[in-house]
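Dear colleague,

Please find below the structure that I am handing over to you.

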Amino acid sequence: AHLRDIEIEMDLDPGLPPAWADADQITQVIMNMLVNAQHAIEEKDSITVRSRRAQKAPSAEPGAQPVPMVELSIIDTGCGIPEKNLKRIFDPFFTSKEVGKGTGLGLSVSHGIVSAHGGMIEVESKVGEGTTFRIFLPLERPPGDAQGKNSGSDA
């Protein structure tokens, strides 16, 4: 796969079952992450998209039971995110880009979409080494979610 002449390595688990997700919305999330990664890298750097099965508790509450999830990772070897910015990257309108280069809404919107699916986003980054975003989506509709329209969509 390519994004503006940048090669993207795909490391996808072919045995993943369909996740409970709105495919269009999750595509938007992944594209937001890829655009951010593309802005962070130079010619020698790379982007990898990886999918795996995961067991993850959908909340930070103590004692929350892990549930089967899909883990989608977007990994870049770019400039990284300074620690002072890591706590703010999901805030609406926060951007480290130059004026006119970004709205600061991509990660905020992505976080909202993933949360609405009963999932979560985690980020790890080291300045000068790169950034990994991990998106966790439940394989089944969260209990108590009345919206059946998303059920069975492939993401």
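In what follows, helices (H or I, at least four residues) and strands (E, at least two) are DSSP runs, numbered from the N terminus. On that basis the secondary structure of the protein comes to 3 helices and 6 strands, and along the sequence these follow the pattern β-β-α-β-β-α-α-β-β. The model is a predicted one, in which local features need pLDDT of at least 70 and side-chain atom pairs count only at pLDDT 80 or more, while totals for chains, interfaces and linings use all residues. Residues are numbered from 1 along each chain as its sequence is written, and side-chain values use heavy atoms, with hydrogens and water left out.

I call a residue buried under 20% relative accessible area, exposed over 50%, and partly exposed in between (1.4 Å probe, protein chains only). Buried residues make up 39% of the 155 residues in the protein. A contact means heavy atoms within 4.5 Å. Among contacts between residues at least 6 apart in sequence, 68% join residues at least 24 apart.

The helix pair

Helix α3 spans residues 106-116, and its buried residues are Leu-107, Ser-108, Ser-110, Ile-113 and Val-114. They are covered by elements including α1 (23-40), β5 (120-126) and β6 (130-138). After α3 comes Gly-118, which has a positive phi, near 80 degrees.

The axes of α1 and α3 come within 9 Å and cross at roughly 145 degrees; axes here are lines fitted to C-alpha atoms, for helices over the stretch in contact, and angles run from 0 to 180 degrees between N-to-C directions. The crossing is left-handed, a term used if the near helix is turned anticlockwise from the far one by less than a right angle, with clockwise being right-handed. From α1, the residues Gln-25, Ile-26, Gln-28, Val-29, Asn-32, Met-33 and Asn-36 meet Gly-106, Leu-107, Val-109, Ser-110, Ile-113 and Val-114 of α3. These residues divide into 7 nonpolar, 6 polar and no charged. In that count Ala, Val, Leu, Ile, Met, Phe, Trp, Tyr, Cys and Pro are nonpolar, Asp, Glu, Lys and Arg are charged, and the others, Gly among them, are polar.

Ile-26 of α1 counts as buried because its relative accessibility is 2%.

Strand β6 and its partners

Of the 9 residues in β6, 8 are buried. Two strands pair if DSSP finds at least two bridges between them. Strand β4 (residues 67-76) pairs with β6 in the antiparallel sense over 8 bridges, and here Val-70 has Leu-137 as its bridge partner. β5 and β6 also run antiparallel, joined by 7 bridges. Val-123 stands opposite Phe-133, and the bridge partner of Glu-124 is Thr-132. The hairpin of β5 and β6 has 3 residues between the strands, and Gly-128 takes a positive phi near 85 degrees in it.

Thr-132 counts as buried because its relative accessibility is 14%. Leaving aside residues up to four places away in sequence, Thr-132 touches Ser-73, Ile-74, Ile-75, Glu-122, Val-123 and Glu-124.

The nonpolar core

A nonpolar core is a set of buried Ala, Val, Leu, Ile, Met, Phe, Trp, Tyr and Cys residues joined through side-chain atoms within 4.5 Å. The largest such core has 28 residues, and those with the most contacts inside it are Met-33, Ile-47, Ile-74, Phe-133 and Ile-135. Two or more residues each come from β2 (6-11), α1, β3 (47-56), β4, α3 and β6. The element that gives the most is α1, with 6 residues.

Again leaving aside residues up to four places away in sequence, Ile-135 touches Val-29, Met-33, Val-70, Glu-71, Leu-72, Ile-74, Val-114, Met-120 and Ile-121.

Ile-8 lies in strand β2 and counts as buried because its relative accessibility is 6%. Ile-8 and Ile-47 are 39 residues apart in sequence and 5.1 Å apart in space, C-alpha to C-alpha.

With kind regards
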